[in-house]
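I am keeping these notes while I look through a structure for the first time, writing down each thing I looked up and what came of it.

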Amino acid sequence: MRTIVAGNWKMNTDRASAAALISALVKSAGSIADGVQVIIAPPFPFLSMAVEQCAGTRIMVAAQNCHQAEKGAYTGEVSASMLKSIGVQACIVGHSERRQYFSESDALIGEKTAALLAQGLIPIFCCGEKKEDRESGRHYDVVTEQMKGALGRFTNPELERIILAYEPVWAIGTGLTASKEQAQDMHAHMRSLLHMHGPSVAERVPILYGGSCNPSNAESLFGQHDVNGGLIGGASLLAEQFLELVRIAGMKQ
Ligand code: PGA
């Protein structure tokens, strides 16, 4: 299974800093280890530029969101087919910030995932429990509901094209990280849910860890059996840190 390091830039950078960050990554793209997949998800206005700068390298460009409809009167929205038309290859869906600030439900996230799959794009599907869910011992149930609620409708070949990310909400942008045991236990749980669809789904779908992942904790997190890399927020904005995470991912191969 490949190891994936994906950078979620969120609503950060401007044209100049985005271009500089991409250039720094492109310059080092030649040293990405075999079996490591690097993905960056800049904000919408910089996606075309990212696709152009990353052309011919092993860095894949992803969006951070899309609308579920193919086209139409949805002012301010961006469709999966638009993303495809500019060379974007993947898109994050179900991030906890979209769930929290934009009230995205599991059903809606499922529709967005379907729209991406219909266009041949790779959905990077995020799920994860809040602090109170973990404290009350409901964390496995919450993640099960999120996965079943959004992904229950898909066929095995469709599921095999999805990347999953476990992002405990209490660890995102907080500096708190799940312990390697907490991460492994949840990833194993998610893998067992995939297994219900058959062994090939469980074997092929990567499960990334997200939540304050950085060069000082990545080695132990990426070293876990069911952790197939990371979805990185803050540390993806600093080329040196992100490249170090890419290097650490290479150690798993
Ligand atoms: P963080 O964000 O690395 O800044 O915690 C992770 C994410 O939201 O994907």
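I began with the aromatic rings, keeping in mind that this is a predicted model, and my search of the whole structure turned up one aromatic pair. I reminded myself that a pair of aromatic rings is described by the distance of the centres and the angle of the planes.

Staying with rings, I next looked for a charge above one, and I found that R98 lies over the face of F102, at 4.0 Å from the ring centre.

Then I turned to the cysteines. A disulfide is a covalent bond between the sulfur atoms of two cysteines, and when I searched the whole structure for disulfides I found zero. I checked C54, which is in no disulfide, and noted that the nearest cysteine sulfur, that of C91, is 16 Å away. I also looked up C213, whose sulfur is 14 Å from the closest cysteine sulfur, in C126, and is therefore too far for a bond.

Are these two cysteines, C54 and C213, buried or exposed? I recorded C54 as buried, because its relative accessible area is 3% and buried means under 20%; C213, at 5% relative accessibility, also counts as buried.

Last, I looked at how two helices pass each other. The axes of helix α1, residues 15–27, and helix α12, residues 239–250, come within 10 Å and cross at roughly 35°, and I noted the crossing of α1 past α12 as right-handed. Which residues meet there, in α1 and α12? I listed L21, A24 and L25 from α1, which meet A239, F242 and L243 from α12.

How values were computed. Residues numbered from 1 in each chain as written. Predicted model: local features only at pLDDT ≥ 70, side-chain atom pairs only at ≥ 80, totals over all residues. Heavy atoms only, no water. Disulfide = S-S within 2.5 Å. Buried < 20%, exposed > 50% of the residue type's maximum accessible area, 1.4 Å probe, protein only. Phe/Tyr/Trp six-rings, centres within 6.5 Å; stacked < 30°, edge-to-face > 60°. Lys NZ or Arg CZ within 6 Å of the ring centre and 35° of its normal. Axes fitted to C-alpha atoms, helices over the stretch in contact; angles between N-to-C directions. Helix = DSSP H or I, 4+ residues; strand = E, 2+ residues; numbered from the N terminus. Left-handed = near helix turned anticlockwise from the far one by under 90°. Contact = heavy atoms within 4.5 Å.
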